[in-house]
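Here is a short report for a first look at this model. Please view the sequence and structure, then read on.

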Amino acid sequence: MFDFLKKDKASAVDDPKLSWTDRLKKGLARTRGQFGDRLSNLFGGGKIDDSIYEELETILITSDVGIAATQSLLDQIKGRVKRQNLNDTAQLKDALKQSMLELLSPLEQPLDTSGQKPFVIMLTGVNGAGKTTSIGKLASLFQAQGKSVLIAAGDTFRAAAKEQLQEWGHRNNVHVVSSEGGDPGAVIFDSVNSAKAKGIDIVLADTAGRLPTQLNLMEEIRKVQRVIGKALPGAPHEILLVLDANTGQNAVSQVKAFDDALKVTGLVLTKLDGTAKGGVIAAIAQSRPIPIRFIGVGETIDDLRAFSANEFVEALFE
Amino acid sequence: MLENLTGRLQSVLKTLRGQARLTEANIADAMREVRMALLEADVALPVVKDFIAQVKLRAQGREVIQSLTPGQAVIQVVHEELTALMGKENVTLNLSTVPPAVILMAGLQGSGKTTTSAKLAKLLKEQKKKVLLVSADVYRPAAIDQLRTLARTLEIDFFQSDISQKPALIAGDSLDFAKRGYYDVVIFDTAGRLGIDEEMMAEIKELHTILKPIETLFVVDAMQGQDAVNTARSFNDVLPLTGIVLTKMDGDSRGGAALSVRHVTGKPIKFVGVSEKVDGLEPFYPERMASRILGMGDVLSLIEQAQKNVDLAEAQKVAEKLKSGKGFDLNDFKSQMQQMRKMGGVGALMDKMPTQMSGMAGKMNSEDAEKSLRRIEGIINSMTPLERSRPDIIKATRKRRIAAGSGVQVQDVNRLLNQFEEIQKMMKMFSKGGMGKFMRAMQGRFPGVG
């Protein structure tokens with residue numbers, strides 16, 4: 001009766017058989033299931049009329065695409081239908097796919113860490129977005145590319161955040177710089193100096209989760225950014241904002257707030273395996289287009305990959 | 001919290017307020033706006049549809065049409081329906097069982113289960129309960145450490161579990177331990193899981209069977225989008241949930257998840273998390289929340305907070321002085337500011353005020369206000385007791401000394417004294433003219449405002 005408890009999470013980590021596309025497809029299965037099925041039903045054929053656009057609006061909105069992006073996607077499709085003289089609902093699918101792709105393609109800019117050594121990456125985000133887990137996955141990703149990695153445990157606020165990172169470091173065999181209590185800026189400052197001395201390629205700096213409404217904490221993170229710049233001029237070279245894909249339209253406000261405070265250079269979209277909707281990406285692409293560097297599509301350590309608009313849209317509409 | 005929704009509804013309803021007659025057309029306009037506002041606020045679409053249908057039906061009904069102020073009547077309907085949607089009244093924890101009463105925490109990854117467990121433990125400890133915290137999160141690295149650290153900080157007993165153990169084993173052992181130790185309450189934290197992860201859902205179902213919890217709380221991130229409906233449904237299908245905790249309400253500008261989850265599960269929202277600090281857990285009051293969405297302010301919970309944090313004897317003393325309009329000196333001024341800080345500062349207070357009042361404060365930056373309050377306190381601290389009780393004796397030499405002592409310019413001391421004089425005048429007005437006159441007079445005179 002305890003069979004279900006025998007599931008060994010670690011074994012999945014070592015399972016290299018699934019290709020990246022398979023994994024993404026699997027992770028997005030639910031998204032596809034809801035979004036795609038409904039679209040397939042919708043696009044099954046027949047004449048295009050107003051009720052179809054209304055149905056389409058419903059689908060987009062319930063996928064967290066947001067009202068503004070939904071409106072603009074619909075306008076584009078209507079334009080295509082008129083220009084290309086489409087008169088079958090089946091052709092609507094291609095039109096929507098195309099519009100989606102045009103919206104998301106500009107966000108597909110992989111992270112290039114080659115210019116600097118050490119290349120310092122700072123991760124930020126609201127509480128529970130998945131920053132620490134993403135750091136563990138990123139460390140594994142960069143190591144697989146043959147790069148040396150150092151982790152800075154900059155979340156000195158949350159209980160056991162440091163221990164959580166140390167566990168990730170242990171699994172990846174990566175050194176984690178931390179201090180008892182202390183100042184996040186100081187920890188990351190030491191880490192960057194240590195990385196310089198040791199000739200490390202990549203520094204991953206964790207920070208405590210914060211909500212944009214906590215103005216003092218938003219001020220604190222700007223200070224952390226400045227302190228990193230003192231350890232290494234030009235650093236941090238990448239500021240990643242980690243977003244939980246479960247988040248609704250608030251994700252857009254998060255992007256704006258963190259970007260206004262820090263000039264965010266890239267996004268990480270986590271927990272895409274759980275949410276039925278990846279639609280918030282479209283809303284973000286509309287209002288504050290910042291490159292999506294990575295997406296998380298599963299719980300195992302190599303389930304974090306570079307974002308590909310094409311694969312994403314394909315997997316969504318398959 | 002929820003400002004955007006409040007703002008949207010208010011701008012819609014403002015136009016309604018002025019209208020003498022309701023027509024089908026302007027009701028439809030208003031309902032369209034309400035629909036957009038709710039959708040933008042991440043309320044799930046099916047919930048929005050139900051809500052709109054209900055409000056529309058009632059808005060077209062007799063009670064509204066025959067009302068002298070139909071606009072007001074519509075607002076009343078929206079308010080009532082919003083309250084009804086979120087549950088009629090606050091439902092508290094039910095712990096009446098043979099101890100130990102077990103509280104099982106469930107939810108998605110990163111929704112805030114561990115933090116909420118600690119907050120809940122603190123709340124129950126304050127009610128003189130003997131509480132045991134247990135973590136069965138053997139998956140996320142250092143999750144058990146996190147709860148242990150929180151337990152230690154709060155001086156609450158912690159059941160030592162280990163990642164090599166099966167959660168079911170931890171459940172059985174901790175329950176035995178709690179029985180032998182005569183604990184009143186066991187708070188059982190679990191790993192975050194997806195509603196579609198069948199193995200993990202089976203695991204928590206098993207835990208539920210072993211623990212037989214009297215409360216099974218579903219922890220939801222208030223920032224969650226449309227998918228809140230699906231998540232809530234999948235947890236509700238597997239577990240007999242008894243209540244909901246909405247977390248991160250302090251950061252959320254919209255909060256539509258509250259409406260969705262409540263609608264789908266039919267289970268009461270029992271608590272809301274309003275801060276990442278350990279005391280940031282408040283009871284959820286549907287009526288107050290509805291009022292707040294409509295901009296009527298959360299005055300009731302403000303009063304409760306005041307009762308909790310304010311030194312009553314001190315407040316009584318000041319109130320007496322206020323009433324008489326005599327003898328209000330800088331000592332009282334300072335103690336009032338300290339009371340205010342105890343209640344979470346200017347920002348937290350303004351957040352709970354009705355929008356008419358907080359709107360009056362305009363573009364006040366609560367950060368700045370906070371800063372200026374701290375400075376004023378510093379200046380008062382640099383005064384002698386005599387100066388505090390008789391500010392009129394403070395002349396040039398004293399001002400220079402006070403300025404040097406508190407690290408400010410003489411102008412700052414002057415400004416404080418002027419402000420204090422104004423407030424003294426207002427206090428007199430207050431004792432004579434009552435609240436309305438007082439509020440009008442307050443405009444622009446609050447430190448840091450305008």
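## A buried aspartate in chain B

Asp329(B) has a relative accessibility of 11%, under the 20% cut-off, so it counts as buried. This is a predicted model. Asp329(B) sits in the loop between helix H14 (312-324) and helix H15 (330-342) of chain B. Its side chain reaches the backbone nitrogen of Asn331(B) at 3.0 Å. Leaving aside residues up to four places away in sequence, Asp329(B) touches Arg388(B), Ser389(B) and Phe420(B).

## Phe159(B) and its neighbours

Phe159(B) belongs to strand S3 (residues 157-159) of chain B. With a relative accessible area of 12%, Phe159(B) is buried. Which residues does Phe159(B) touch, not counting those up to four places away in sequence? They are Leu132(B), Leu133(B), Val134(B), Ile170(B), Asp173(B), Ser174(B) and Phe177(B). Ile52(B) is 107 residues from Phe159(B) in sequence, and the two are 48 Å apart in space, C-alpha to C-alpha.

## Helix H6 of chain B

Helix H6 of chain B covers residues 113-126. Its 14 residues should span 20 Å at 1.5 Å a residue, and the end C-alpha atoms are 20 Å apart, so the two values agree. Several residues of H6(B) are buried, including Lys113(B), Thr114(B), Leu120(B) and Leu124(B). Just after H6(B), Lys128(B) takes a positive phi of about 65°.

## Salt bridges

Over all chains, the whole structure holds 21 salt bridges. One joins the side chains of Asp183(A) and Lys223(A), at 4.0 Å from N to O. Asp183(A) lies in the loop between strand S3 (175-177) and helix H9 (184-198) of chain A, and Lys223(A) lies in helix H10 of chain A, so the pair ties together parts 40 residues apart in sequence. Asp183(A) is partly exposed at 34% relative accessibility. Lys223(A) is partly exposed at 41%. Also in chain A, Asp259(A), Asp260(A) and Arg288(A) are linked in a network of salt bridges.

In chain B, Arg398(B) pairs with Glu387(B), with the closest N and O atoms 2.8 Å apart. This pair links distant parts of the chain: Arg398(B) is in helix H20 (residues 396-406), Glu387(B) is in helix H19 (residues 385-389), and they are eleven residues apart. Arg398(B) is partly exposed at 30% relative accessibility, whereas Glu387(B) is buried at 0%. Arg140(B) forms a salt bridge with Asp137(B), the closest N and O atoms being 3.9 Å apart. Arg140(B) is partly exposed, with a relative accessible area of 25%. Asp137(B) is buried at 4%.

## Chain A as a whole

Chain A has 13 helices and eight strands. Of its 318 residues, 59% are buried. Among contacts in chain A with a separation of 6 or more, 78% join residues 24 or more positions apart.

## Where chains A and B meet

How many residues of chain A are in contact with chain B? There are 49, and they meet 44 residues of chain B. The area buried between the chains is about 3,900 Å², and carbon and sulfur atoms give 58% of this area. Between chain A and chain B there are zero salt bridges. Nine residue pairs are in polar contact, both residues at pLDDT 80 or more.

On the chain A side, the elements that give two or more residues are helices H3 (29-42), H4 (50-62), H8 (161-172), H10 (215-231) and H11 (250-262). H8(A) gives the largest share, five residues. By class, this side has 15 nonpolar, 19 polar and 15 charged residues.

Key:
Residues numbered from 1 in each chain as written. Chains lettered and ligands numbered in written order. Predicted model: local features only at pLDDT ≥ 70, side-chain atom pairs only at ≥ 80, totals over all residues. Heavy atoms only, no water. Helix = DSSP H or I, 4+ residues; strand = E, 2+ residues; numbered from the N terminus. Expected span 1.5 Å × (residues − 1). Buried < 20%, exposed > 50% of the residue type's maximum accessible area, 1.4 Å probe, protein only. Contact = heavy atoms within 4.5 Å. Buried area = accessible area lost by both parts, 1.4 Å probe. Polar contact = N/O pair within 3.5 Å; in protein donor to acceptor, adjacent residues only side chain to side chain. Nonpolar A, V, L, I, M, F, W, Y, C, P; charged D, E, K, R; others polar.
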